[in-house]
Amino acid sequence: MSIVPTMAGGLLGLDSYLVDWLDLLLRCLHVIAAIAWIGTSFYFVLLDQSLRPPEDAEDEAAGVAGELWEVHGGGFYHVQKYRVAPPTLPEHLAWFKWEAYTTWLSGFALVVVLYYFSASSKLVDPSVANLSDWEAITLSVGLLVVAWLAYDVLCRLLGKDERALAVSVGVLAVVSAFVATQLFAPRAAFLQVGAMLGTIMAANVLFVIIPAHWELIRAKEAGREPNPAPGLEGKRRSVHNNYLTLPVLFTMLAGHFPLAYGAGRAWLVLVAFMALGAFARLFFNLRHRGRTHWWMPVAAAAAVVALAVALNPDAATPGPGGGADAAAVGRGRAVFASAGCAGCHTLADASATGAVGPNLDNAKPSFALVSTRVTNGQGVMPPFSGRLTKQQISDVAVYVSNISHGASP
Ligand code: HEC
């Protein structure tokens, strides 16, 4: 149960126990739908990359562009893809759209329940931007729409120039990461960017891909030759979605790790995560086309190691006796006193004798442990991310880690 009172409690009479259940159920739905959606995306892009020209001349004449033999689940499958449409429409046709819609709807509901209802503690961080709850919520929703419009305009303007489009969408993602981290609390900023990219993906399905399928079907029903253009555009958007899957996933997961969203210049960390995700997709898409570049996973692994080294908070903070920033120690001491840490913890330097949590003189926590615990809380210890600024958390972590290790202030 969350200890920080939420706006949901105030506004709708929801208590934090109910919010926890909504969180659990919506999160399950969201993850399950997203698995189904990303699974179909991976499968169909793999299928398209692996198609071979049809073996049978009759199939070729009937409009089959490519086929693939597959073995799975105890049997053989023979899948064929038509250039535009089969000569006659089949009676049963499987569609793939509810995975996308359910993922978006459950994801948005989660944002509302967890971030908008508790905007003052989760979405707004006065040390980042001085926004009222409603300003932050409006900006958050508005940016979802802006992201889609900007992406859609880029697709229309740049037409078939895939390289220019890839670069522009990359720039759009970088700008989104930068803007979000200047507006929202660090954790919410990561989520916001994931939600913006996820909105682009779901809107691609709703506004481009599914309408393209309807054009094919309506044309066949009316007995006219379907216009292939919408189908080709649908395919292009579906490939874009494939490249967005892992950046979105990494963004959502990184939001659970203060080492990522709590870092200085967190937007750059976010960009690194997104780039790694898209790069991983590129590796697999090339591989399924028969071009395996082993340097790619090696380069990605090197980049992850470099990221881990760059983000290591212990390396950035002077160790015991290593000349800790005396000013930070002083500020941290003040935070320790005013934030109520003393009520629960023992720390000789602060004359604190609390016994609810571990004795910090004995525990001698590292900088990283203090900043993680203070940011997120654990068990009985409440999270301070909404009450203390990033700077204050860093200061109190410098203070506790140095003092408890016996450094002279
Ligand atoms: C309501 C009581 C309470 C308050 C207030 C509180 N803590 Fe804690 N703290 C705890 C408890 C309980 C734990 C153990 C959590 C666990 O591991 O389940 C803990 C764990 C920690 C740890 C990890 C220690 C270890 O060795 O695992 C650190 C560091 C810490 N707190 C620092 C702080 C600081 C700094 C503040 C003030 C900003 C603070 N705490 C405020 C109760 C509190």
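The model is a predicted one, and its secondary structure amounts to 17 helices and four strands. Of the 409 residues in the protein, 32% count as buried. Among contacts with a separation of 6 or more, those between residues 24 or more positions apart make up 63%.

From the first C-alpha of α17 to the last, its 15 residues reach 21 Å, which is close to the 21 Å expected at 1.5 Å a residue. The helix is mostly covered, with twelve of its 15 residues buried; among them are Ile393, Asp395, Val396, Tyr399 and Asn402.

Elsewhere in the chain, two helices can be followed as a pair. Two packed helices are described by the angle between their axes and the distance between the axes. For helix α7 (residues 162-183) and helix α8 (residues 186-222), the axes come within 8 Å and cross at roughly 145°, and the crossing of α7 past α8 is right-handed. On the α7 side the contact is made by Ala173, Ser176, Ala177, Ala180 and Thr181, which meet Pro186, Ala189, Gln192, Val193, Met196 and Leu197 in α8. By class, this contact of α7 with α8 comprises eight nonpolar, three polar and no charged residues.

Several loop residues complete the picture. Leu51 sits in the loop between α2 (16-50) and α3 (57-61), and its C-alpha atom is separated by 5.0 Å from that of Glu67, although the two are 16 residues apart along the chain. Once neighbours within four places in sequence are left aside, the contacts of Leu51 are Gly66, Glu67, Leu68 and Lys81. Leu51 counts as partly exposed because 15 other C-beta atoms lie within 10 Å, a number that falls between the limits of 12 or fewer for exposed and 20 or more for buried.

Most residues other than glycine have a negative phi. Ser351, in the loop between β3 and β4 (352-353), has a phi near 50°, a positive value in a residue other than glycine. Lys364, which is found in the loop between α15 and α16, likewise has a positive phi, of about 45°, although it is not a glycine. As for their surroundings, Ser351 has 9 C-beta neighbours inside 10 Å and therefore counts as exposed, whereas Lys364, with 15 other C-beta atoms within 10 Å, is partly exposed.

How values were computed. Residues numbered from 1 in each chain as written. Predicted model: local features only at pLDDT ≥ 70, side-chain atom pairs only at ≥ 80, totals over all residues. Helix = DSSP H or I, 4+ residues; strand = E, 2+ residues; numbered from the N terminus. Expected span 1.5 Å × (residues − 1). Axes fitted to C-alpha atoms, helices over the stretch in contact; angles between N-to-C directions. Left-handed = near helix turned anticlockwise from the far one by under 90°. Contact = placed C-beta atoms within 7 Å. Nonpolar A, V, L, I, M, F, W, Y, C, P; charged D, E, K, R; others polar.
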